[in-house]
Amino acid sequence: MVIRAGVEPYISICTGAGGLDLGVDRGSGGLVVPICYVEREITAAATIVKNMERGNLAQAPVWSDLRSFDFGAWRGSVAGIVGGFPCQPYSTAGKQDPDDPRILWPSIAEGIRSASPRWAFFENVAAFL
C-alpha cells in the first residue's frame, strides 16, 4: 500500500463494519488512512471487504484475531490506532462479568505500548472509564 505524502497511517482494530473508520476519514479530511483492519467476527470482516470493494473503505488487509496481531511489527510505521472494542463487558446494561471473553482492553493496551503510535482514538461506553 502506498500512502501519499501528508497522510498518516493507522491500524483499525475491532473494526466492525467500518463506521468509526468512515467517521475518522471524514473528520480528518482524508489525512489519516487505515493500513490494516483487525476484526474477528466473520460477518463484520465480510462487510469490511464489501465496503472496500465498493470504495467506501480504504483498501487494506484484514487480520482476524486481535490477540495474535503483532502490533510491535508496526512500530514506527503507524501514527495511530482506532477502534471500537466490545462494550458488553463494561456496559451497565450488561452483566459486567470480569471473566467475559470479550474483554479486550488488556490486549489493546499492550498493543498500544508495542506499536507506540502518536495517537489513539477509541469509542466505548462511559462505564468503561
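The legends below describe an overall view and several close-up views of a predicted model.

In this predicted model, local features need pLDDT of at least 70 and side-chain atom pairs count only at pLDDT 80 or more, while totals for chains, interfaces and linings use all residues. Residues are numbered from 1 along each chain as its sequence is written, and side-chain values use heavy atoms, with hydrogens and water left out.

View 1. Read from the N terminus, the order of the elements is β-α-β-α-β-β-α-β, where helices (H or I, at least four residues) and strands (E, at least two) are DSSP runs numbered from the N terminus. The radius of gyration is 14 Å, which agrees with the value near 14 Å for a compact globule of 129 residues; this radius is taken over C-alpha atoms, and the globule rule is 2.2 Å times the number of residues to the power 0.38. Along the principal axes, the C-alpha atoms fill a box of roughly 45 × 30 × 25 Å. Buried residues account for 36% of the 129 residues, with buried meaning under 20% relative accessible area, exposed over 50% and partly exposed in between (1.4 Å probe, protein chains only). Of the contacts between residues at least 6 apart in sequence, 74% join residues at least 24 apart, a contact being heavy atoms within 4.5 Å.

**View 2. The largest nonpolar core, with 16 residues.** A nonpolar core is here a set of buried Ala, Val, Leu, Ile, Met, Phe, Trp, Tyr and Cys residues joined through side-chain atoms within 4.5 Å. The members that touch the most other members are Ile11, Ile13, Val38, Leu66 and Phe71. At least two residues each come from S1, strand S2 (32-38) and helix H3 (105-115), and S2 gives the largest share, with three residues. Leaving aside neighbours within four places in sequence, Leu66 is in contact with Ile13, Cys14, Val38, Phe71, Leu104, Ser107 and Ile108. A second, separate core has five residues, among them Tyr37, Ile48, Met52 and Ala60. In soluble globular proteins, nonpolar side chains tend to be buried together.

**View 3. Cys14 and Thr15 in the loop between S1 and H1.** Strand S1 spans 8-13 and helix H1 spans 19-28. Although Cys14 is not a glycine, its phi is positive, at about 50°; Cys14 counts as buried because its relative accessible area is 15%. Thr15 is also buried, with a relative accessible area of 7%, and its contacts, apart from neighbours within four places in sequence, are Asp21, Tyr37, Val38, Glu39 and Ile48.

View 4. Trp105 counts as partly exposed, because its relative accessibility is 29%. When residues up to four places away in sequence are not counted, Trp105 touches Phe85, Tyr90, Ile112, Phe122 and Phe128. Arg118 lies 13 residues from Trp105 along the chain, and the C-alpha atoms of the two residues are separated by 18 Å.

**View 5. Ser116 in the loop between H3 and strand S5 (119-122).** Ser116 is a residue other than glycine with a positive phi, near 50°. Most residues other than glycine have a negative phi. With a relative accessible area of 40%, Ser116 is partly exposed.
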